[in-house]
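Thanks, everyone, let me put this one up on the screen. I'll walk through it piece by piece, so please keep the view open as I talk.

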Amino acid sequence: MKTEKLFITALQKVSFKAFAIAAYILLFISQRLPMFGINSIELNDVTEGFSISSIVFGMVSKFFDFFGVTTPPEIQLLMIGCIVLLVFGLAALIMSLFGFRLIQVINFCVSAVGTLLSIGFSVLVTLVISSINSSEIGEILEFQLYASIWLPPIFFLIGTLFTYAFAKMPDYALAEGRFFRTIGAALNPKYFLRTFKKDDNTEAL
């Protein structure tokens, strides 16, 4: 019975900060899922899937080296994009652990940029894969795109929204109720400019 009460008490104290942290943790998990795969047309059962984290560590280049194919410059561009996404995601997660309002405002800006970059990266991967499949390399290797490519932008966006809500209303907890009404007030664009002022009174309103 005491354990159950402790769980309920802990759940009641959950704030927007916890949702942001959970979203960024899921972001890192999604970045380890295969985003696209490469199949060998000439050899059977030679298939490899690549995630954002595996691209950063050069796994795609090793796959091309295995077949004696020069790594296309587009893949090198994707590697740079993956590094940027990992840095932004890590920065957002670390800053989410702090409760200072100024840090959360900065975190919101970092997360918003990360969201836009993540969306752009997903679009870029789609275009690159389409381009490579129609090139000479496409006669040897076939690229396939997975739906998981859109998971990082989704989790980045969720984390951004809850980071922003926490910056606007740091004292809110689930015990107070009115969850959707409160987050709706926090995300109200009418009070957006107040976010960057010291006297933001959104929570008081």
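S96 is buried, at a relative accessible area of 1%; buried here means under 20% relative accessible area, exposed means over 50%, and partly exposed is in between, with a 1.4 Å probe and protein chains only. You'll find S96 in helix 5, which covers residues 73-96. Helices are DSSP runs of H or I with at least four residues, strands are runs of E with at least two, and both are numbered from the N terminus.

Before I go on, the housekeeping. This is a predicted model, so to speak of a local feature we need pLDDT of at least 70, and side-chain atom pairs count only at pLDDT 80 or more, while totals for chains, interfaces and linings use all residues. Numbering starts from 1 along each chain as its sequence is written, and side-chain values use heavy atoms, with hydrogens and water left out.

Okay, back to S96. What is S96 in contact with, leaving aside neighbours within four places in sequence? The answer is K17, I21, Y24, Q104, N107 and T163, where contact means heavy atoms within 4.5 Å.

Now the helix packing. Helix 5 and helix 6 have axes that come within 9 Å and cross at roughly 155°. Those axes are lines fitted to C-alpha atoms, for helices over the stretch in contact, and the angles run from 0 to 180 degrees between N-to-C directions. That makes helix 5 and helix 6 roughly antiparallel to each other: the label is for angles over 145 degrees, with under 35 being roughly parallel, 65 to 115 roughly perpendicular and the rest oblique. Helix 5 passes helix 6 in a left-handed crossing, meaning the near helix is turned anticlockwise from the far one by less than a right angle; clockwise would be right-handed.

Then there's helix 6 with helix 7, residues 151-168: the angle is about 160° and the axes are 8 Å apart. Helix 6 and helix 7 are therefore roughly antiparallel to each other, and helix 6 passes helix 7 in a left-handed crossing. On the helix 6 side, the residues that meet helix 7 include R101, Q104, N107, F108 and S122. Among those they meet in helix 7 are P152, F156, T163 and Y164.

While we're on helix 6, have a look at S130, which sits in that helix, residues 101-133. Its relative accessibility is 48%, so S130 counts as partly exposed.

For two strands to pair, DSSP has to find at least two bridges between them. Strand 1 pairs with strand 2, residues 47-50, over four bridges, and I38 stands opposite E48 there. Strand 1 is also joined to strand 3, residues 141-145, by five bridges, with F36 opposite L145.

So why do we call strand 1, residues 36-40, largely enclosed by the rest of the structure? Because five of its five residues are buried. In a regular strand the side chains alternate between the two faces of the sheet. Here both faces of strand 1 are covered, with F36, I38 and S40 buried on one side and G37 and N39 buried on the other.

Last stop, the aromatics. There are 13 aromatic pairs: rings of Phe, Tyr and Trp (its six-membered ring) with centres within 6.5 Å, called stacked if the planes are under 30 degrees apart, edge-to-face if over 60, and tilted otherwise. F16 and F179 have ring centres 5.9 Å apart and planes at 55°, so that pair is tilted. F16 lies in helix 2 (residues 16-30) and F179 in helix 8 (residues 179-186), so the pair ties together parts 163 residues apart in sequence. F16 is buried, at 0%. F19 and F179 make a tilted pair too, with centres 5.6 Å apart and planes at 50°. F19, at 30% relative accessibility, counts as partly exposed. F16, F19, F162, Y172, F179 and F180 form one aromatic cluster.
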